[in-house]
Amino acid sequence: MTTKQILYPNTKLWMAAIKPPMYSVAIMPIWVGTAVAYAETKIFNGAVFSTFIAAAILILAWENISNDVFDSETGIDQNKHHSLVNLTDNKPLIFWIGNLCLGLGLLGILAIAFWQQDLTVIGIILLCCALGYMYQGPPFRLGYQGLGEILCFFAFGPLAVEAAYYSQTQTWSMTSLAVSVIVGIATTLILFCSHFHQVKDDIAAGKRSPIVRLGTAKGAQLLVWFTASIYPLTLLFVLLRISPAWTLLSWVSLPFAVKLCRHVQENHNQPDKVSNCKFIAVAVHFWACLLFGLGFMI
Ligand SMILES: C/C(=C\COP(=O)(O)OP(=O)(O)O)CCC[C@H](C)CCC[C@H](C)CCCC(C)C
Ligand SMILES: O=C(O)C1=CC(=O)c2ccccc2C1=O
């Protein structure tokens, strides 16, 4: 790559590499955990909330940046032009930018621990980071075994939501644990969707993603069940009086859910067409979680 190409890069490729919409995934568990804390205790600490959001974004940036570094070592990103390593041709630089994001993110969480004089939140977030590393880093690379979805569910669901709840209240709550299941499923949907268009490259690099294991047709069917599960679950929580009726506002995300399922069912085996499905899944996640949290605040 020439200096000119580095200085005047293809904006589209860089946007695809940075994936701005994906960062709502870091914000939503903090939003939902904080909303439940406010509903139950009327406590809201704005400094803790904003620091946690900024830290979560930085930690997710590390996860994505280091994903490109680790994937460059297995050859799986050979055809991924928007890999940060391929774009810059400078793996050490990308590696250290990732580590800087992680360091700054953890500093934010340490600040919360300091304000609270309590190490619980940093302990939980370090566990999330460990799961994030095990997803892609050597010697684990559990994502290559098709185990990424399980790690993703726990990191963005119960762990992150409970950490957010605890950061506000320094107590635990069964309600936040229950609703974290919804955040976990909605986030895992995105990861599941991200594999449909990569089957060929994944097989070539020995990655046995859930879609490689199941095939795209069965994967598309499973996606429907997986996506649909969010809505009866929110209703069940309202009927069981775990969450307020206003959380049914999250059903406003249904049109995106329908669009996602239809799009994947029609195009599951056409990589070029199905490749945008993870961003439809991001929209499902964003609206479902935003409105679900809002339902606790009203
Ligand atoms: C990096 C992730 C997915 C990308 O996967 P893939 O290799 O298929 O991508 P490319 O095709 O683009 O190369 C997400 C992985 C998520 C992981 C299982 C769990 C991450 C945990 C986070 C570090 C936790 C952050 C929590 C925050 C809210 C504090
Ligand atoms: O690039 C991706 O495919 C993903 C990036 C990311 O940060 C993330 C986080 C949580 C769930 C899924 C994903 C991705 O799929």
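In helix H13 (residues 230-239), Ile230, Thr234 and Phe237 are buried, a residue being buried if 20 or more other C-beta atoms, placed from the backbone, lie within 10 Å of its own, exposed if 12 or fewer, and partly exposed in between. Seen down the axis of H13, these buried residues fall within an arc of 60 degrees, so they line one face of the helix; the arc is that of the directions from the helix axis to the C-beta atoms. An α-helix has 3.6 residues a turn, so residues three or four places apart point the same way. On the other side of H13, Pro232, Leu236 and Leu239 are exposed, while the cover over its buried residues includes H9, helix H12 (216-228) and helix H16 (277-297). Helices are DSSP runs (H or I, at least four residues), numbered from the N terminus.

This is a predicted model, in which local features need pLDDT of at least 70 and side-chain atom pairs count only at pLDDT 80 or more, whereas totals for chains, interfaces and linings use all residues. Residues are numbered from 1 along each chain as its sequence is written, and chains are lettered from A and ligands numbered from 1 in the order in which they are written.

Glu40, found in helix H3 (residues 24-41), is partly exposed, with 16 other C-beta atoms within 10 Å.

Around ligand 2 lie residues including Lys19, Glu63, Cys152 and Lys278, counted as near if the C-beta atom, placed from the backbone, lies within 6 Å of the molecule. Helix H4 (46-74) and helix H9 (174-193) are the elements that give two or more residues to this shell.

Conventions:
Two residues are in contact if their C-beta atoms, placed from the backbone, lie within 7 Å.
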